Every structure is written in structure tokens, then in C-alpha cells.
Amino acid sequence: MKFARSLNVAAIIGATFSLVAAAHAAPAKEPLVTHEWVQKNLENPKVRVIEVSVDTGVYERGHIPGALNFNWHNDLVDKVNRDIVSKANFEKLIQSAGVDKDTTVVLYGDNNNWFAAWGAWIFHTYGLGDQVRLLDGGRKIWELNKLPVDTKAASVKATEFKLPDGKPNLRARLADVIAAADKKADVQLLDIRSPDEYQGKIFAPEGVKELSVRAGHVPGAINIPWGKNVNQETGAFKSVEELKKLYSDAAIDGKKPVIAYCRIGERSSLSWFVLTQLLGYDAKNYDGSWTEYGNSVGAPIANLAGTVWTGK
Amino acid sequence: MSRSLSVVIAVVVVLSLAFANAALAGSAVENRQLAPSLAHGAIFGVILQRSRFCFLCNLRDYFDNRDPRGLVAILLAIAVGSLGYHVVLSTWLPNPMGGRLAPDAHIGPVGPVLALAGFIFGVGMTISGSCVSGHLYRLGEGSPTAPFALVGTAFGFALGFLTWNPLYVSSISTAPLIWLPAQLGYSRWLALQFLVLAAFAGLIGWYGRLPQAQPLLPTTTPVHHALHKIFIERWPASVGGAAVGVLATVAYFQVKPLGVTAAVGGYARTLLASAGQLPQTLHGLDGFAGCRTSIDTLLTPNAVFVLGLIAASFSSALIAGQFQPALPAPRQIVKGLGGGVLLGWGAMTALGCTVGTLLSGTMAGAASGWVFLFTSATGTLAALAIKRRL
């Protein structure tokens with residue numbers, strides 16, 4: 001029954017977007033594409049589908065036919081500096097993925113597009129916001145619709161594409177967050193971690209190693225866990241109306257710029273995507289997130305639970 | 001037990017496996033590894049039971065009676081598996097020299113700790129009478145030693161968790177992950193692999209001696225003859241070896257590399273954690289590919305695999321008249337537990353056993369697989385030599 005309902009939801013979302021797909025022979029300009037749209041464009045040389053999943057071996061054992069694989073641990077980070085992938089390396093990466101200035105890149109992944117959204121944020125940061133889309137529902141919706149997968153590594157012809165000017169202002173830095181905490185900047189802070197982390201009851205979720213010596217949140221931050229953005233059964237984003245209500249109920253209505261953060265900046269990319277791409281709000285992603293902020297000397301925190309780090 | 005009752009029970013077990021598989025096949029997207037895992041486990045159980053694919057028996061057959069068939073079957077399994085892995089790997093990762101390791105393949109850190117773990121595992125095989133996969137399929141044959149050896153293995157795993165951190169910090173952390181295709185490219189790796197396997201097979205065959213052929217049993221019809229060959233007689237070792245190579249490839253392609261200790265190790269880890277004895281951090285452990293243990297869930301793909309293995313081996317043994325349960329003698333209990341502890345410690349420390357580290361490693365082109373092969377064989381033979389003098 002649940003399954004049937006999720007299929008219905010998928011079908012409705014799909015139908016909405018297939019109208020868009022039918023209207024445009026060229027790739028749609030919307031931030032999201034549906035699985036139907038992707039299916040229709042599998043052979044389109046101007047569309048490049050790329051998987052960005054958390055779990056290893058998922059892509060290899062079955063991916064959307066023709067899709068390439070970006071490994072976020074290797075491809076999308078700078079392994080020496082704590083940073084996102086450098087501009088030079090990102091340029092090489094997308095050249096080898098056959099991306100050109102008229103290519104539409106569709107990202108998708110497991111865990112409700114968690115890391116695919118991180119990938120999308122990096123594309124935006126390097127100035128490719130107009131070219132990148134997310135497959136709404138990611139792997140989950142593809143599998144729920146029993147669509148075929150492939151195990152062959154796709155081969156594409158590399159390009160000489162040069163990255164345009166980036167948009168570094170999509171990224172918040174520690175100083176921006178401290179300014180917001182000190183109320184020196186008129187910015188709303190959005191903490192997308194679990195309520196237990198937000199309240200300071202726990203230092204990090206179970207089984208997670210990256211942590212901070214302090215628990216709690218940035219003073220003034222509003223807590224909306226990232227999972228609330230998606231329909232858990234289909235992995236697809238909730239409707240714009242639902243999302244608008246979700247955020248406006250917590251006093252985020254787009255009137256003030258927002259800085260989203262989590263623990264290491266990945267999950268918050270999904271909330272950043274919702275705010276900027278689906279709701280059209282002004283928002284930045286703070287990828288230093290709690291592992292940087294919570295550990296920073298002199299940065300104030302709010303800890304509702306009052307837990308104290310004792311080294312254990 | 002009467003023959004017809006045995007067959008009825010075996011058929012019921014096989015049907016239950018089929019139903020379980022069908023039920024699992026319909027499970028949620030997140031659990032879709034369960035159905036193929038059950039099938040792989042069941043097929044593995046049948047192969048192991050029918051062809052007596054047991055590392056210790058094969059080594060012992062050779063050194064006691066110069067019978068080379070079992071050892072050659074292991075080499076054949078590696079050869080077939082390497083070919084299969086090559087097909088899969090060259091599709092998934094066309095260029096192995098790009099700085100990335102084969103996804104999920106069991107490529108472990110190569111260093112003195114691996115060598116020691118292999119050696120200890122080999123000693124454990126000799127004492128307990130089999131390796132871990134051997135004990136699992138013998139559980140289905142009613143072996144009186146196997147249950148104790150598996151309990152011992154769980155204890156050994158617990159010990160392994162307790163000794164992991166000092167070993168990791170002093171040695172494993174700096175031990176390299178050597179993936180031969182990354183050094184040589186696929187073609188040269190495969191050529192070298194076949195050369196080494198052929199050289200070993202030649203050496204083993206040169207010194208070996210085939211036992212006298214058994215007289216064929218009188219059979220009535222060709223169909224009866226075929227059924228007898230499949231269900232009653234042991235399969236030729238080489239058939240088992242080749243089948244293991246094919247299954248290893250399929251398992252890697254569909255779910256993950258073959259391995260039998262992740263579930264046992266996972267339960268040991270869970271028990272140790274609930275007793276408050278598990279080190280809070282096991283440095284680097286979960287970052288390695290291998291027979292990974294976890295305390296998350298009870299019904300993991302590997303647990304389903306092992307259940308399938310035991311159930312299929314049980315029904316296969318029943319039909320063949322090889323299900324012979326016996327009450328354990330004190331000596332068997334002691335040997336099972338003692339040898340099992342060594343097996344468990346070795347498998348935990350080496351990130352897998354003769355299946356997960358040796359077979360799945362060598363097939364993928366991991367140097368760690370070859371190190372485990374040599375050191376576990378050395379440990380087995382050393383213990384056999386000592387045993388004979390006692």
C-alpha cells in the first residue's frame with residue numbers, strides 16, 4: 001500500500017515535470033529533473049548524468065545507464081587542505097566527465113541525494129549553477145520505479161571546458177557565522193542536525209567519529225533537520241508549498257539571508273539546495289560546520305542540555 | 001534415520017530456502033542484498049559439502065598421501081576467480097592505475113601483522129580440524145567439533161578486537177595496501193597470476209601421486225548414474241574449485257566479495273560492546289575493505305549468507321547420507337574451542353579468513369591474499385609437523 005502510494009506521488013511529480021520535458025527539446029532549466037526526464041534524455045549527448053553516492057560499490061553494481069561516478073571522498077574534496085576540491089582539479093574532473101558549456105549535468109545519489117546535493121553546491125560554487133540539476137528522488141526513486149540500471153563504466157570524450165567565474169559567496173566562513181552569532185550581521189542561522197545534537201544532549205550521532213569538543217549549536221540558530229526536506233518514502237523533495245511552510249513555521253521566510261550548517265557541511269548542502277534552488281531564498285552553506293565552529297576558540301555556543309566535554 | 005526421511009527433510013529445507021529467498025527478494029530497496037546473499041551462501045554450502053572443499057583437508061591429503069587434487073582445486077578456484085574478477089574489474093574500473101583501489105575488493109594491509117595472523121590462523125586450522133568455512137559446512141554434516149570451533153572463533157574475534165589497537169598503531173597503520181593491477185595493469189597482473197598458479201600446480205603435480213581410481217559402482221540407468229554422481233558421490237575436487245571461482249565472481253558482482261566471518265565477527269563485536277569490553281575506538285578498522293564486522297543489525301547479508309551455507313550443506317549431506325551427528329568427545333570440545341580461538345584471532349586480525357582474505361584477495365589481485373595463502377599454509381604445516389611428533 002505504502003509502495004503504491006509512493007508510486008502515485010512519483011507519478012504525479014513525474015507528470016508535472018514531463019510536461020516541462022515535452023515542452024523543451026533542450027534540457028529544462030529547473031533545478032530538479034524527474035526520472036522520466038532522465039529516461040528520455042539518456043541518449044542525449046548534451047546531458048551528462050553523474051552519480052554521487054555515500055556508499056562505496058553502489059555505483060558499480062548498478063547505476064543509471066551511461067552515468068558517470070564522482071567519488072566525494074576523492075573527487076570533491078581537497079585531501080591536503082580542509083577544503084572543497086580546488087578549482088583546477090574540479091576543472092580537470094568535469095573535463096574528463098565530458099562536460100562542456102552547453103552540457104546539462106544531472107546529479108543523483110543514495111541517501112535521498114545527500115551527497116549529490118553537496119556535489120550540486122560545489123557545481124554552483126564554481127559557477128556552473130545554470131548547468132547542474134538534481135534528479136528528484138535520486139537512486140531511490142529510480143529503483144522504486146523499477147527502472148533499469150547498468151554496470152558498465154560509461155566512456156565519454158573529454159572536453160577543454162574552462163570554468164567560468166565562480167560564486168564563492170555561496171560559501172559561508174567561520175567569521176560570517178561568528179558575526180551572525182554575535183548579531184553583528186543580519187543573517188539567520190539554520191542548524192540541520194538532529195534535535196539531540198542541536199540541544200547539546202549528544203556530541204555526535206552514534207557511530208560518527210568527526211566531532212567537536214563542545215555540544216550544542218550556534219547561538220540563535222534555528223533547528224530544522226535535513227530529513228524534513230524530503231519525502232522519506234520516495235526520496236523526492238517535498239512540494240514547494242510544503243517546504244515553504246516548513247521553513248516559514250520556523251520564521252525562515254526568505255526575507256533575511258540564511259547560513260545553513262551541519263556537522264561537516266554535507267547534509268546542510270541539501271537544505272541549502274532547498275532554500276536557494278526550490279524556494280529562491282538567499283542562502284549560504286557553511287561547510288566548516290559544527291566540527292569547525294564547535295572547536296573554535298572564542299566562538300560562543302548555546303548548549304541547552306548543558307553537557308560538558310570531559311574527554312570521554 | 002531412514003533414507004526416505006532424510007530426503008524428505010532435505011527437500012523441506014531446500015524449499016524453505018527457496019521461499020525465504022523469494023520473501024527476501026521482495027524486501028525494501030535497502031535490503032535487496034539479502035536475497036542474493038542467501039542464494040550465494042546456499043550455493044557455496046552445496047559446493048563445499050559436495051566437493052569437500054576444505055583448506056586443511058586439501059593440505060593434509062597432499063602431505064600425508066601426496067594426493068594433489070585438493071590443492072590443485074584451490075589453485076583452480078583462484079585462477080577461475082581471477083579471470084572472473086578481471087572481467088568485472090576491467091568493466092568497473094577500466095584503468096586500474098589511476099590511484100583508486102578496486103571498489104569493495106578485499107585488499108588488505110600487507111605487513112608482519114598479516115603474516116602473523118595468517119600463521120596463527122593456519123595453526124588454528126590444524127588444531128580445530130578445519131578452517132572457518134569448513135566448520136560451517138561441517139556443522140551441516142553434524143560434526144561434533146564444528147559448533148565448538150565456531151564458538152571458539154567468536155572468542156578469538158573478541159580477543160582480536162582487544163589486540164587490534166596496539167597492532168594497528170605499531171604496524172598496520174603504515175602497512176601498504178598493495179593492489180597488483182595498480183602496479184602492473186590488468187593484463188600483466190593476470191599473466192603473472194596465471195604463471196604463478198601454473199608453476200605451483202606443476203610443482204604440486206610433479207611430487208603428487210594420484211590415488212588409485214575407485215571402481216565404479218554398478219548403476220542401473222544413465223539417469224541413475226548421473227544422480228548418483230551429483231547427489232551421493234563427492235564431486236571431483238576440481239569441479240568444486242572451478243565452481244568456487246565462478247561463485248566468487250558472481251558474489252563480487254552482485255553483492256560483495258565472498259567471505260564467511262563478518263557475521264560471526266559482528267556478533268562477537270556486539271557481545272563485547274554490550275559487555276562494555278570493546279575498545280571505544282578500533283583505529284582504522286572500519287576503513288578497510290574486508291570481512292567487515294558491525295554492531296548495527298542482526299540480519300546482515302553475511303549472516304544470511306552463512307545461514308544459507310549451513311542449511312544447504314545440511315540438506316546436501318542428508319541426501320548423500322553424510323549427515324552423521326555425533327556427541328562430542330571432551331577432546332573434540334577442547335580442540336574445537338582452542339583451535340577456534342586461533343582461527344578467530346587470525347581472521348579478525350587479517351580482516352578475513354581463507355575465504356575472505358585468501359580467495360577473495362588473491363582473485364582481486366591483492367598482495368594481502370597471497371601473503372595469507374603462504375603464511376596460513378606454513379602455519380598449518382608447522383602445526384601438522386609438530387602434531388605428528390607428539
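The following legends describe close-up views of a predicted model. Local features need pLDDT of at least 70 and side-chain atom pairs count only at pLDDT 80 or more, while totals for chains, interfaces and linings use all residues; side-chain values use heavy atoms, without hydrogens and water. Residues are numbered from 1 along each chain as its sequence is written, and chains are lettered from A in the order in which they are written.

**View 1. Asp83(A) and Arg171(A) form a salt bridge.** Their closest N and O atoms are 2.6 Å apart. A salt bridge is a side-chain nitrogen of Lys or Arg within 4 Å of a carboxyl oxygen of Asp or Glu. The rule finds one salt bridge across the interface of domain 1 and domain 2 of chain A.

**View 2. Four strands of chain A form an open, parallel sheet.** The order of the strands is S9-S8-S10-S11. Strands (E, at least two residues) are DSSP runs, numbered from the N terminus, and two of them pair if DSSP finds at least two bridges between them. S9 (222-223) and S11 (283-286) of chain A are the edge strands, each pairing on one side only. Four bridges join S8 (188-191) to S10 (258-261) of chain A. Asp191(A) stands opposite Tyr261(A) in S10(A).

**View 3. Chain A touches chain B.** Here 15 residues of chain A are in contact with 17 residues of chain B. The two chains bury about 1300 Å² between them, 47% of it on carbon and sulfur atoms. Glu60(A), Arg61(A) and Glu143(A) supply 44% of the area that chain A buries against chain B. Two salt bridges are found across this interface. Asp75(A) and Arg100(B) meet through their side chains in a salt bridge, at 2.9 Å from N to O.

Definitions and conventions: Contact = heavy atoms within 4.5 Å. Buried area = accessible area lost by both parts, 1.4 Å probe.
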